[in-house]
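Open your viewer and get your selection tool ready. We will take a few stops together, one selection at a time.

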Protein chains: 2
Amino acid sequence: MDASPHVLVVDDHRDIREPLARYLERHGVRATVAGNAAAARRALRAAAVDLVVLDIMMPGEDGLALCRHLRETTHIPVILLTAMAEDTDRIVGLEVGADDYVTKPFNPRELLARIRAVIRRTGSLPPGRGPRTAGTWRFDRWSLDAGRRELVDEDGVVTALSTGEFRLLVALLERPGMVLSRDQLLDLTRGRRAAPFDRAIDNQVSRLRRKIERDPKNPRIIVTEWGGGYRFVGEVERI
Amino acid sequence: MDASPHVLVVDDHRDIREPLARYLERHGVRATVAGNAAAARRALRAAAVDLVVLDIMMPGEDGLALCRHLRETTHIPVILLTAMAEDTDRIVGLEVGADDYVTKPFNPRELLARIRAVIRRTGSLPPGRGPRTAGTWRFDRWSLDAGRRELVDEDGVVTALSTGEFRLLVALLERPGMVLSRDQLLDLTRGRRAAPFDRAIDNQVSRLRRKIERDPKNPRIIVTEWGGGYRFVGEVERI
DNA sequence: GCAATGCGGTACATTCTGTTACAATTTTTT
DNA sequence: AAAAAATTGTAACAGAATGTACCGCATTGC
């Protein structure tokens, strides 16, 4: 993702998306184009897209709907193109969950700066969706093999993790020291929203603690932020 | 932080910052104002600011310098106010690390929408306010492990702190010798404002004293400033 | 199919926090 | 100096949040 970000440009006007794509390519940004929402979905399935630039005024399924869909199913950041400097549109766009917006006619240099800013900002988030499937993490006395989804302690003793436990642990490991709400954790591990009185995360945390904490009654790795969520404590090494 | 975000408005024009602050307050955003960079720094030390709205064209130490400083020392997001819709300014602003910018004259409704968007976006970033989650403090006979929220005395005996006690203690440790009102402490520990007859802080202080004071009846570490608030007394070492 | 496993809902115990009430203390007023 | 008012300390209580055992359902592997 660092080397060269991959941006999907979605706009129904060929004379906007093509020059923009060429401009981005000239400046070290891989660009893919789509003329409508359906093509955009195809492109998203086919490639690892890091960011979407999206015209909200398109025929058919419009940009806002696609933006909502992106928000609900992925973490891919979105920059909206809005037809006019119209306040309501801007605000609706941001509330649909776009990361930024640019009004037409736009200065491509500015759009590029915003693309870079959004990617820098969200760079610490998981690419696309879901935990990584390779690599090794070290924390506390544990070593986590991401490929096998196994925990190995100092003596080489292996503890198996379920899918849910693994995803929860990786979500926390990727953000050490950060307080993650139950909502966020549910989003990161299951890609869904919390129902009222949803205790799924509490349960999963409880199960995970039983496996990784020396004393599950006094957790020192996954600590509770009362009224806030959970936080991973300690050094995390990634190898 | 969920309850109501706290925004610091920094602008040297009273007729901009004051109406803006009132507008934000009317819409559920706590607002503090500062007329220059020095006042802004003071406000940042004294309160738990979630976001800074900053005029980049100010006499003295200008907005960009303050913005840079914020970026280097905190994670508090920044929205710049720029005098004109001038492309270079915009891009310089974003590269200095601002999260967004708004050009004057601005629509307060739009600025509010952007404030909300930035806070939502950065909500999952490491807390810019709130207690540090790493490091160790030493004071009196205690050693406080910030990551584990545990107090350790000279003999290695561990005393656990609740989330609220820990946040209160860190708020005081970060400002030794300073008198902090109940309002400020409530802001720093819970991110909320005091209700009439709010005794939450008094109680939390009482509970904390029970844990850290040799003689809770004669507190020597957290002393009461009658009519003012509380003050941490003694040396604080940070390692 | 059937057993094993994992997950989420439910229920209940526990912990934490804020409110209330009242006593103690300090300041202000008389 | 005494009385009144304001402020603070804290015990007791209540409500909310959290921990987790248990159970049923779904999925997986045989």
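Start by selecting α6(A) and α7(A): they cross in a right-handed sense (the near helix is turned clockwise from the far one by less than a right angle). Helices here are DSSP runs of H or I with at least four residues, numbered from the N terminus. This is a predicted model, in which local features need pLDDT of at least 70, side-chain atom pairs count only at pLDDT 80 or more, and totals for chains, interfaces and linings use all residues. Residues are numbered from 1 along each chain as its sequence is written, while chains are lettered from A and ligands numbered from 1 in the order in which they are written.

Still on this pair, display Gly164(A), Arg167(A), Leu168(A) and Ala171(A) of α6(A), which meet Leu185(A), Leu188(A) and Thr189(A) of α7(A); contact means C-beta atoms, placed from the backbone, within 7 Å.

Next, select DNA strand C. Which residues are closest to it? Of the 25 residues that surround DNA strand C, the closest are Ser162(A), Gly164(A), Ser162(B), Gly164(B) and Arg199(B). Near means a C-beta atom, placed from the backbone, within 6 Å. Helices α6 and α8 (200-212) of chain A, with α6 (163-173) and α8 (200-212) of chain B, each give two or more residues to this surface.

Finally, colour chain A by pLDDT, the predictor's confidence in each residue from 0 to 100. The chain A mean is 79, with 81% of residues at 70 or more. Residues 85-91 of chain A fall below 50. Where pLDDT is low, the predicted coordinates should not be read in detail.

Definitions and conventions
Two residues are in contact if their C-beta atoms, placed from the backbone, lie within 7 Å.
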